[in-house]
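Okay, thanks for coming, everyone.

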Amino acid sequence: MLKGIRQRTIASYMLLFFIFSVFTLLLFMGIIHIFTALLAGFWATVFTAWIIDKRVIAPVEQITSVAQEMAGGILDNEITIEADEALDDLAWSINYMARELRKNLFCITEERNRAQAILNSMADGVIALDKYRRVILLNPAVKDVFGLKENEGLGMDLIKVIRNYELDDLFSQALHNQKTIVSNELQILTPEPRFFRVHVSPLKGINGEIIGVVGLLRDITERRKLERMRTEFVANVSHELRTPLTSINGFLETLLDGAIEDPKTARHFLEIMNAETKRLANLIDDLLQLSRLEDRKTVLNKQPVDLRDVINGTIQMFKARAEEKGIKLFTVLPDKLPQVPGDHGLLTQVMVNLIDNAIKYTPAFGQVKVGVNLNREKVRVYVADTGIGIPQEDLPRIFERFYRVDKARSRVMGGTGLGLAICKHIVEVHGGQIEVESGPGGSTFSFTLPLTS
């Protein structure tokens, strides 16, 4: 094609040379006048130059301009010329190439956006390094965990971004040994300790050479916490069940060894065994209820509940106990208290547990206040006492199963260690939240309930 263009350009110049040669020969032979020869030669030159410009130079300039734009990434412009067949073929080829490039670029962009969307939606962290161990990719999960900004860390050494030598060593091993490295558990400060399962693999180029490494970080902190809680739960259940069973077994052996012959001693032992049996039954009932609540198997009998009736009814249940200890038990309720959607029985159980604990851990002649605060969206119920209080280090775990601040004292008072955990789950299945505030002057347990279901 280019050879044909070159041949036509040479032919145009040869034609122009031939015309000048003819006019020069005629002028030399004296056939035409010099002025006529100059004028004819001028117009012949202009005509030939116009043809060359229109048919060759202008199309070539347009082709060159569009090609330069394509090289700069502008693929929307196309060549529109009227030239000879060779230039038309060249323009069509360049336009076709631009259209194919647009299609390929669109496909590449779609693939990149799809891959980016997948990375952005992944809950696991993804870190990619080049062969010089510089960060080339961090997905949003990694940035959220380590508190990084949009483009922060790119182009930097991994150790400067994550600041963990064990993780940096895993990437170095995968890059150096050119094989996958797996770490079952790795602790990283973010700034609080978190645990990750790390899977690092080398990245290979088209020719099979190693061009970097990519690591997958799976956060297993919650799983570790659940495993720890499960272990503690099994140990606590075993201990709580063993204690009354051991006590009952001991008294039975004593009775069988002859103490049954003494009616007074036998009756005393039987009363203790009866109390331990009741405590064991209460523990099993609480465990079953907690299991149903955690598995979401409890079906709420939702209906409009009058919290004033729930609170006043619970106050009446504990009025005699409070008077025995000289504790002032009173309420602070608004004049108009709207009904809330919920299960009357379960909400009553929450109030029973909270007021029972408040009276248990409030010294004689203290006070327990039950009140309600309102806003447009929810109602807040609180139980405030002037009791012994809860140490600050124990507050985050106070709603865990079997967690006791003073284990010996709680067990003596008859608690199973599950009451607050049950309260937490009941409030949560109602769409609310429960919390505690405590200090030297006492504790305040409160929970919120939405006014609409």
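So, at 45% relative accessibility, does Glu-271 count as buried, partly exposed or exposed? Glu-271 counts as partly exposed, because its relative accessibility is 45%; on this scale buried means under 20% relative accessible area, exposed over 50%, and partly exposed in between, with a 1.4 Å probe and protein chains only.

Quick housekeeping. This is a predicted model, where local features need pLDDT of at least 70, side-chain atom pairs count only at pLDDT 80 or more, and totals for chains, interfaces and linings use all residues. Residues are numbered from 1 along each chain as its sequence is written, and side-chain values use heavy atoms, with hydrogens and water left out.

Back to Glu-271. Its salt-bridge partner is Arg-267, with the closest N and O atoms 3.5 Å apart. By salt bridge I mean a side-chain nitrogen of Lys or Arg within 4 Å of a carboxyl oxygen of Asp or Glu. Both residues sit in helix H8, residues 263–294, four residues apart, or about one turn of the helix. Helices here are DSSP runs of H or I, at least four residues, numbered from the N terminus. Arg-267 counts as exposed, at 57%.

Why do we get pairs like that? Side chains of opposite charge can pair when their charged atoms come close.

How many salt bridges does the structure hold? There are 13. Another one joins Glu-428 to Lys-424, with the closest N and O atoms 3.0 Å apart. These two are separated by about one helical turn, because they are four residues apart in helix H12, residues 419–429. Glu-428 is partly exposed at 34%, and Lys-424 is partly exposed too, at 26%.

Then there's Asp-130 with Arg-134, a salt bridge at 3.2 Å between the closest N and O atoms. Asp-130 is buried at 14%, while Arg-134 is partly exposed at 36%. And Arg-321, Asp-356 and Lys-360 are linked in a network of salt bridges.

Last stop, the loop between helix H5 (158–162) and helix H6 (165–177), which is where you'll find Asn-164. Buried or exposed? Asn-164 counts as buried, because its relative accessibility is 11%. Leaving aside neighbours within four places in sequence, Asn-164 is in contact (heavy atoms within 4.5 Å) with Ile-159, Leu-186, Gln-187 and Ile-188. With Gln-187, there's a polar atom of the Asn-164 side chain 3.3 Å from the backbone oxygen of Gln-187.

That's my tour, so over to you.

Technical notes
Polar contact = N/O pair within 3.5 Å; in protein donor to acceptor, adjacent residues only side chain to side chain.
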